[in-house]
Amino acid sequence: MSDNEIIKITEKTFEEIKHIDKQGNEYWYARELMIALEYKDWSKFKSVIQKAIIACKNSEIVVGECFRQLAKTSKMPNGGEKYIPDYDYILNRYACYLIAQNGSPKKKAVALAQTYFAVKTRERELTEQEYLELSENDKRIYDRNLAKKRNRALSDVAKKSGVENFGKFNNAGYLGLYNETAQQIKDRKGLTQRQEILDYMGSEELGANIFRITQTEAKLRRANINDENLACVTHNYVGKAVRKTIQELGGTLPENLPTPEKSVSELEKEKKKQLKLKNNNTKKLK
């Protein structure tokens, strides 16, 4: 069976075990997800769930919104009853993503789940309108802000992993994804030292970098790395893996994508001006 066939079957599995409540919200049961991720022992899978819950807390997201315990009362041989408070969990998509991130990297189903839930979670993070309905400029603004948030999380984890030279660490990731250092990317894009690389990316290029950032953060967490050189090797490895995925999917490599004329900062300023003008016009009409 080819990798593409395996990916399709895996995606179908995650969709088939998805449930929808009366309000139209999607959710998964942890015990069903356990089987899909090739775990056989509930106690071992619960330890993965606990790691995911800690990661959720560290992300400053309300745990109860992502992980809801399901209790069960089990009859005992002596006629009594045993109360099990965490017999199962109701999970939202982000919870599934965190569980996949903390699962065993040796399991192929876990690796595929990491990609599946990472992409789907990013698409679902918009609350007012679906990501695909946004204009390219609005996608860039949204993705750039998402990249900032993810980069902060990566920096925190990298620091705990022994990184002190963040220029070296960031270059390792860029070299993996682009075969270029940060300075070489700036030179190619025609940017000054003060201009941010991520500000001059289209949504497709930003998406590749967000994936690099999130996967590096997850890998550093799982491996409990405490050495700067090893952290840099990890960042480079993830960057190369993302690059290889783009190539295998027949996508455009990031260095070959066009550089937008306007930065995301400029787009945000223009948007603020338009909003201010619209508000002033509204006040005049009143």
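Colleagues, the cover over the buried residues of helix 8 (buried meaning under 20% relative accessible area, with a 1.4 Å probe and protein chains only) includes helix 7 (136–160), helix 9, helix 10 (203–223) and helix 11 (228–248). This is a predicted model, in which local features need pLDDT of at least 70 and side-chain atom pairs count only at pLDDT 80 or more, while totals for chains, interfaces and linings use all residues. Residues are numbered from 1 along each chain as its sequence is written, and side-chain values use heavy atoms, with hydrogens and water left out.

Helices here are DSSP runs of H or I with at least four residues, numbered from the N terminus. Which residues of helix 8 are buried? They are Phe169, Ala172, Gly173, Tyr174, Gly176, Leu177 and Tyr178.

Let me turn to the ends of this helix. Just after helix 8, Asn179 has a positive phi of about 65 degrees.

Next, the partner helix. The axes of helix 8 (residues 166–178) and helix 9 (residues 182–189) come within 8 Å and cross at roughly 60 degrees; axes are lines fitted to C-alpha atoms over the stretch in contact, and angles run from 0 to 180 degrees between N-to-C directions. The two helices are therefore oblique to each other, a class left over once angles under 35, over 145 and from 65 to 115 degrees are assigned elsewhere. Asn171, Tyr174 and Tyr178 in helix 8 meet Ala182, Ile185 and Arg188 in helix 9, where contact means heavy atoms within 4.5 Å.

Note on methods
Buried means under 20% relative accessible area, exposed over 50%, partly exposed in between (1.4 Å probe, protein chains only).
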